[in-house]
Structure formats: C-alpha cells, structure tokens
Amino acid sequence: MKDKLFVFVLKHPIWVLLTALVLVVGAAAGAKNLVFKSDYRVFFSADNPQLIAYESMQNIYNKSDNVAFIIAPADGNVFTEETLNAVGQITTDAWQIPYSTRVDSVTNFQHTWAEEDDMIVEDLVLEDVELTSEKLQSIKTIALNEPLMLSKLISAQGHVTVVNVTVQLPGVNPVAEVPEVVEKVREIQQKYMAENPGLEIKLSGIVMMNNSFAEASLNDNATLVPAMFGVVIVLMLILLRTFTGTISTVVIIAASIAGAMGLAGWGGLYLTGPSAGAPTMILTLAVADCIHILSTMFYEMRHGVEKKKALMDSLRINFQPIMLTSVTTAIGFLSMNFSDSPPFRDLGNIVAVGVMLAFILSVTLFPALLMLLPIKVKVRTEEDSDYMRSLAGFVTGKRKLLLPLMSVIMVSLIVFLPQNKLNDDFVKYFDTSVPFRQATDFMQDNLSGMTQLEISVNSGESSGINDPAYLSMLGDFTEWLRAQPETDHVNTITDTLMRLNKNMHGDDAEYYRLPQSRELSAQYLLLYEMSLPYGLDLNNQLNVDKSSTRLVGTFKNMTSNELVLLETRIQGWFVDNAPGLEAQITGPNLMFAHISQRNIISMLSGIAMALVLISVLLGFALRSVRFGLISLIPNLAPAAMGFGMWYLIDGQVGLGLSVVAGMTLGIVVDDTVHFLSKYLHARRERNADSVAAVQYAFGSVGRALWITTFVLVAGFMVLAQSSFKINADMGFLTALTILIALIVDFLFLPPLLMKLDGVKEETKIAVEQGETDEVK
C-alpha cells in the first residue's frame with residue numbers, strides 16, 4: 001500500500017503539489033478566526049473549584065479586577081499642591097476608562113469627622129479648597145494614620161501613592177475588552193507624565209497583568225519565533241548543504257503550521273499564551289521528518305544511486321520510523337487533555353494535529369517537491385562518514401565502560417528530579433525589562449505587593465454583620481492577619497465602623513473601637529452609606545442583605561506554595577477561633593497557586609498513560625515486546641534527567657514547565673525509534689551481530705540524529721531568550737532535554753543493546769555448540 005503511494009507521488013509530483021496546496025490553503029483559511037484571549041480566567045476550566053469560588057464572590061460583591069496608577073513625584077513628597085492636583089485630575093479622568101466602576105485615591109478618600117451633632121463625609125482633598133501648608137500637613141497626617149489608606153493608597157513615607165481603578169469587564173468580547181482598557185490607561189499615563197515632568201507614573205494591577213500575558217506572547221511570536229525559524233533554516237542549509245532540500249523543508253514546516261493553526265481557527269479555539277507556542281513545537285517534528293528523508297536520500301545518492309530510486313528507498317526505509325514518531329508524539333501531546341488548564345489542552349490538540357499533518361506532508365508533498373526541484377549530490381567515498389564510524393567504533397569498543405558509567409550519570413541526575421518544587425510566581429513570569437514587572441516590583445518595594453486574597457465571612461443571618469460578637473471576631477481576625485509577616489494591608493469594614501463610632505462621639509479617640517450594639521452599627525452604616533458619592537459605596541465590602549462581609553488582604557508578592565500555606569493558616573484561624581462561621585478564601589493569585597499544582601499532577605497522569613500506549617505501539621511496530629520495553633529507558637530518561645538538572649539550575653517547576661515532558665517526548669522517541677529501527681534492520685535483514693548492527697545504525701542514521709538535535713537545540717535556545725519566563729524556561733529545558741536524548745541514544749542505548757542482545761547471541765551459540773557436540 002505504502003509503495004503504491006510512493007510510486008504515485010514520485011510519478012505525479014505536480015498533481016500531489018496542487019492537491020496539497022488546495023487542502024493546506026483551505027485549512028489555513030481558518031486562521032482568520034484565531035484571536036488572542038488575554039483574560040487570565042482562560043487558564044481555568046469551567047468546573048475549576050477555585051474559579052467557581054472566585055466567580056461566586058465576584059457575583060456577591062463588586063468585581064475586583066483593577067488597574068493601579070503608581071505615582072511617584074521626583075521630590076519624594078506626595079503631599080504638595082502640584083502632586084495632589086495631578087492625583088485629583090488622574091482620579092477624575094480614570095472614570096473615563098472603559099468598564100470602570102470605582103476609583104480610589106488619596107484625594108477622593110471619604111474622610112469623616114464630627115461637627116457638633118453632625119457627621120461630615122467628604123473627599124479628603126477638595127477641588128475648591130486652597131492647599132495651604134497647614135492644609136497639606138493636615139491631609140498628610142490623616143492619610144498616614146488611616147488604616148484603610150496606609151500601605152494601600154499611600155506609602156508610609158508619603159513618597160508614593162496609588163490611584164486604584166476597579167474594572168468590571170463584561171466578558172461579551174474578551175478579546176477586545178482588555179486592550180480597550182489598556183489603551184485608555186496608557187493614554188492617561190502619557191498625558192500626565194507629559195504635563196508633569198517631575199512625576200513618574202507606572203501601571204500595575206490585574207488588567208495590566210492580563211495584557212502583559214498577551215503582549216509577551218505576541219512579542220515573542222513577532223520576534224523570537226521568526227528568529228528561531230531563521231536559525232533552524234540557516235543551520236539546515238549549512239549542515240545539509242542543500243538549498244533545494246532546505247527550501248522544501250521550509251515549505252513542509254510552513255504548511256504544517258498553517259494547516260494546524262487554521263484548523264484550530266475553524267474549530268473555534270482561542271489563542272492564549274500557551275497555545276500560541278504551538279508553531280514552535282510543530283516545527284520540531286516537521287524538521288526531524290524532513291531531515292531523516294533527506295539524509296537517507298543523500299546517503300544513497302552519494303553512493304551513486306539515481307535520485308528517484310534514492311528517494312524511493314529513503315521513503316521506504318523511513319516511513320515506519322517517521323510514522324511511529326509522529327503517532328507517538330501525537331499521543332504525547334494528546335495526553336495534555338488531562339491538564340486542568342484549557343490553554344494547555346488546546347496546545348496539545350493543535351500540536352497533535354500539526355504533527356500528523358507534518359507526517360502526511362513529509363511523505364507526500366515533500367518528495368513531490370524534491371522530484372520537481374533540481375538536486376545535485378556529488379558521489380563520494382565512504383570516508384566522508386568517518387566521524388560517525390569513529391564514534392561507532394568508540395561506543396562499541398568502550399561499551400563495557402560506557403554502560404555502567406552512563407547508568408551512574410543518568411541515575412545521579414534523575415535522583416534530583418523529586419527535589420524540584422511545584423511552585424510559581426506569576427509576577428516573575430515576566431522579565432525585569434517588561435513594564436508590568438518593573439511597576440509591580442516598584443510597588444512592592446515602595447508601597448505594597450500585588451498579591452491579594454479575598455476573604456468572605458458569612459454570619460449566617462440577615463444583617464448579621466452588625467452583631468457585636470461577629471464584629472469582635474472580625475476585628476480579632478483583622479488584627480491577626482495584619483500581624484502576619486507577609487501582610488502589607490487589610491481592607492476591612494471594622495476600620496470604617498471604628499472611625500464612625502469615634503466620629504459619632506465627637507471625634508473622641510477613646511471611642512475608636514467597635515460599636516457595642518447591633519442597632520448602633522446598623523445606624524452608623526446607614527448614615528455613612530447615604531453620604532457616599534456614586535461609585536464609592538460599600539458594595540465591595542458588604543453583600544445585599546448584610547449577612548456577610550469581604551476583607552481584602554494585600555500581601556508581599558509570594559510564590560504559589562507560600563500563598564497556599566497562608567491560605568491554610570487563615571483556614572486554621574477560623575477553625576480555632578470562629579468554628580461556627582463560614583469563611584471563603586479566593587483571588588486570582590490563589591487560583592494560579594492551585595492550578596499550577598493541579599495541572600502538573602494531571603499532566604504526569606497523562607504522560608504516564610501516554611508512555612504505556614507508546615510502549616505498546618513500539619513493541620507492536622518493532623515486532624518485539626522486548627525491544628518495546630527496552631525503548632522505555634531512553635524514552636523516559638531524557639526528560640527525567642532534564643528535570644533533574646533543572647533542580648540544580650532553578651529548582652522551581654511551574655505552570656509553563658509542566659508541558660516540557662509531553663512536548664519533548666516526540667523528539668526523544670524520534671531519536672530512539674530511528675536508531676532502534678536501523679539496528680533491527682541490520683540484525684534481521686543483514687544478519688549482523690549486535691556490534692555490527694550498532695555500527696550500521698550509527699552510519700545510516702547517526703548524522704541525521706545529530707543534525708536534527710543541533711538544529712532544534714539552537715532554535716529552542718533562541719526561544720530561551722524570551723522576556724516571558726514561561727517561554728524562556730520552556731525553550732531552555734526543551735533544548736536541554738533534546739540534547740540529553742541524543743547523548744543517551746548515542747552513549748547508553750547502543751551499549752545496552754549490545755549487552756542484552758549479546759546475551760541472546762551467546763545463548764544461541766552455546767545451544768548450537770551443544771547440539772554439535774551431541775551429534776559428535
């Protein structure tokens with residue numbers, strides 16, 4: 001069947017070319033439907049428990065997505081007329097940001113005080129009041145002593161302030177909403193920095209983080225990915241020394257990627273940070289497929305075989321290994337459907353389709369192109385492959401040393417694998433050159449971190465938040481939370497109630513405490529809410545029937561493990577001190593903390609199942625359960641060794657690195673399958689012993705393997721230069737794993753084969769010798 005296909009392809013290359021062109025263009029047309037979705041919620045499936053809890057809290061209280069204008073005057077003093085005027089103007093203009101529902105700043109903070117029997121509620125900085133030195137000092141004193149502002153809207157030194165804009169994205173058109181907000185925010189930033197040369201304005205917040213995910217991925221796709229492709233193409237041209245073969249390979253790469261991405265568009269998938277990396281992964285197998293076909297073809301042509309016959313021989317020899325590699329790679333990527341994060345599922349499905357497209361095109365369109373385009377290969381002697389013969393001689397000669405030595409090295413690296421911590425720090429996903437990272441680090445160093453936890457405490461009854469016992473508990477918890485070493489700020493209704501209680505007692509400092517009766521609490525809150533302007537109500541803290549309240553804790557930027565430990569401590573406090581109350585803890589940071597661990601665990605399950613399927617498939621294809629099991633070692637070891645080395649380099653395995661094992665499985669299997677298939681071909685078809693079979697495998701496929709590895713390692717090292725940590729770490733660890741795979745297949749697999757196959761040979765010889773002796 002396959003021979004008929006190859007004959008047709010080589011006999012009718014133009015028809016094959018035209019048919020492939022029509023099909024690829026039809027598939028690629030779907031790419032017009034691909035849009036980039038930058039909302040961080042895309043990382044969570046609809047049934048994710050943390051997302052459900054977060055959305056539930058968002059529905060009860062106001063949305064908490066935000067943009068933070070971090071304002072730092074050059075003179076280091078926020079409390080000057082010029083700076084406060086600028087802050088006031090930014091506060092006013094921030095209401096024009098699309099989907100903004102609330103703006104909080106030092107200037108519009110709702111300051112309260114008593115005037116005889118009345119309570120006055122007004123902006124801390126009024127527009128029509130002259131800011132004398134006395135007034136400025138009064139504003140500074142109030143701001144630096146108000147718990148709701150200190151370390152949230154104003155730094156303890158009074159040198160940095162924040163205008164915080166709460167944004168409620170409707171979610172109708174998630175592709176356009178975040179960029180729309182960011183465009184207006186940056187317009188305001190540039191306007192006021194131009195009008196106030198001494199004012200530095202940085203941008204942080206959840207919305208800016210969303211946008212940075214998108215911009216980092218798109219920037220890599222526009223710069224590093226093309227550079228990676230360029231490096232791959234140039235190296236192929238240099239190493240293979242064929243312009244025609246390189247151009248044909250580029251066509252296969254482009255067609256495979258275009259087809260896969262187009263089909264994703266037809267399938268209604270969004271592009272996200274992870275799935276946008278699909279082209280680089282499809283590239284790996286497309287390159288490997290083409291290099292194997294070219295290498296064998298050139299090998300034959302250098303020995304005087306005519307082009308068409310050489311190409312036919314190459315297709316026959318490489319069809320099964322390429323098909324096996326493609327299918328096993330597709331299985332590896334399909335294992336990502338076990339992921340708890342939809343973008344990684346999309347990535348796996350897109351790449352699986354792309355890999356199979358690359359296989360189909362490499363055995364149809366690729367040979368058709370090679371037939372149509374001119375190829376000249378000089379007939380050379382066998383001496384041209386001396387370096388591979390030398391390596392084969394070294395490996396076969398030193399096999400008794402290499403097997404234990406490589407085994408020790410492999411085990412020594414693999415033992416470090418469990419030492420890696422499943423951990424993430426999403427702020428550090430971005431390089432320090434990224435504006436969002438700069439702004440967030442600056443805010444951490446000068447004001448507060450960006451990490452937030454939202455804690456909803458349900459009293460269990462309508463208006464239960466006015467119960468003195470409930471408020472006392474809430475006050476105790478607030479003090480405990482503020483005392484934690486990670487805490488920068490806690491926004492809680494108890495601070496407002498204590499201030500109101502003081503105001504209603506003539507601003508007597510003795511009464512800065514919680515009201516002692518339910519009626520007083522209810523009256524204070526009603527009076528206060530009636531005095532608040534639009535957009536600054538208490539809906540972000542209280543639910544409709546006032547049965548629960550939300551505290552928002554702001555913390556130093558923490559890793560996912562640290563955040564989960566803090567969550568556990570908070571839950572422990574409620575178990576010990578308020579067992580009758582229901583406390584729900586959530587927030588975007590906590591969601592990411594849990595998804596990292598859930599995703600890695602689910603990915604490991606998927607990889608384990610994929611490896612079982614791959615082993616069965618290899619055993620069947622190689623017609624040997626024994627060799628199928630042997631192949632497990634060089635298939636498993638490279639990723640395990642790579643992660644072991646990663647512990648020595650970094651030690652933190654996050655959301656991005658969870659895909660590396662599945663992603664590299666394809667090229668790792670490619671190396672093993674091609675080496676094993678050539679080895680078995682020599683053993684079965686040429687009746688070679690194990691040593692001669694290893695030498696044949698090196699001579700026939702060794703060059704293709706090291707060229708593929710060198711090209712891909714160089715390409716992924718370009719990606720490792722990304723300012724987006726997910727891509728940078730993935731690129732580096734992928735390059736490392738691919739390199740390790742080649743070393744294992746060159747220095748460990750051959751000695752292992754000679755050892756295990758040699759035992760079989762010796763047994764056979766002994767049996768034959770015994771039979772001969774009996775005859776005698």
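Colleague: What makes W15 an exposed residue, and where does W15 lie?

Modeller: Before anything else, please keep in mind that this is a predicted model. W15 lies in helix α2, and its relative accessibility is 59%; because exposed means over 50%, W15 counts as exposed.

Colleague: Which residues make the nonpolar surface patch, and which helix gives the most to it?

Modeller: The patch is made by I14, W15, L18, L21, V25, L372 and L373, and it covers about 680 Å². Helix α2, which spans residues 13-28, gives the most, with 5 residues.

Colleague: Why is R102 called buried, and what does R102 pair with?

Modeller: R102 has a relative accessibility of 11%, and since buried means under 20%, R102 counts as buried. Its partner is D104, with the closest N and O atoms 2.8 Å apart, and because a salt bridge asks for a nitrogen within 4 Å of a carboxyl oxygen, the pair is called a salt bridge. D104 is at 19% relative accessibility, which is also under the cut-off of 20%, so D104 counts as buried.

Colleague: How many salt bridges does the structure hold, and what makes K191 and D93 one of them?

Modeller: The structure holds 21 salt bridges. The side chains of K191 and D93 meet at 3.1 Å, N to O, and as the limit is 4 Å, they form a salt bridge. This pair links distant parts of the chain, with K191 in helix α6 (residues 174-195) and D93 in helix α4 (residues 81-94), 98 residues apart.

Colleague: What makes Y99 and S151 worth a remark?

Modeller: Most residues other than glycine have a negative phi. Phi of Y99 is near 70°, a positive value in a residue other than glycine, and phi of S151 is near 70° as well, again positive and again not in a glycine. Y99 is found in the loop between α4 and β2 (100-104), while S151 is placed in the loop between α5 (133-144) and β5 (161-167).

Colleague: Are those two residues buried or partly exposed?

Modeller: Y99 has a relative accessibility of 27%, which lies between 20% and 50%, so Y99 counts as partly exposed. S151 has a relative accessible area of 17%, which is under 20%, and therefore S151 is buried.

Colleague: How do helix α9 and helix α10 cross, and which residues meet there?

Modeller: The axes of α9 (residues 243-266) and α10 (residues 278-302) come within 9 Å and cross at roughly 145°, and the crossing is right-handed. Among the residues that meet are G245, T249, I252 and I253 in α9, and A278, P279, I282 and L283 in α10.

Colleague: How far apart are Q320 and S677, in sequence and in space?

Modeller: They are 357 residues apart in sequence and 8.6 Å apart in space, C-alpha to C-alpha. Q320 is in helix α11 (residues 307-334), and at 31% relative accessibility it counts as partly exposed.

Colleague: What do the totals for the protein say?

Modeller: The protein has 26 helices and 12 strands, and of its 776 residues 58% count as buried.

Technical notes:
Residues numbered from 1 in each chain as written. Predicted model: local features only at pLDDT ≥ 70, side-chain atom pairs only at ≥ 80, totals over all residues. Heavy atoms only, no water. Patch = residues over 30% accessible without salt bridge, like charges linked within 9 Å, V, L, I, M, F, W, Y side chains within 5 Å. Areas by Shrake-Rupley, 256 points an atom, 1.4 Å probe, with all protein chains shown as cover. Helix = DSSP H or I, 4+ residues; strand = E, 2+ residues; numbered from the N terminus. Buried < 20%, exposed > 50% of the residue type's maximum accessible area, 1.4 Å probe, protein only. Axes fitted to C-alpha atoms, helices over the stretch in contact; angles between N-to-C directions. Left-handed = near helix turned anticlockwise from the far one by under 90°. Contact = heavy atoms within 4.5 Å.
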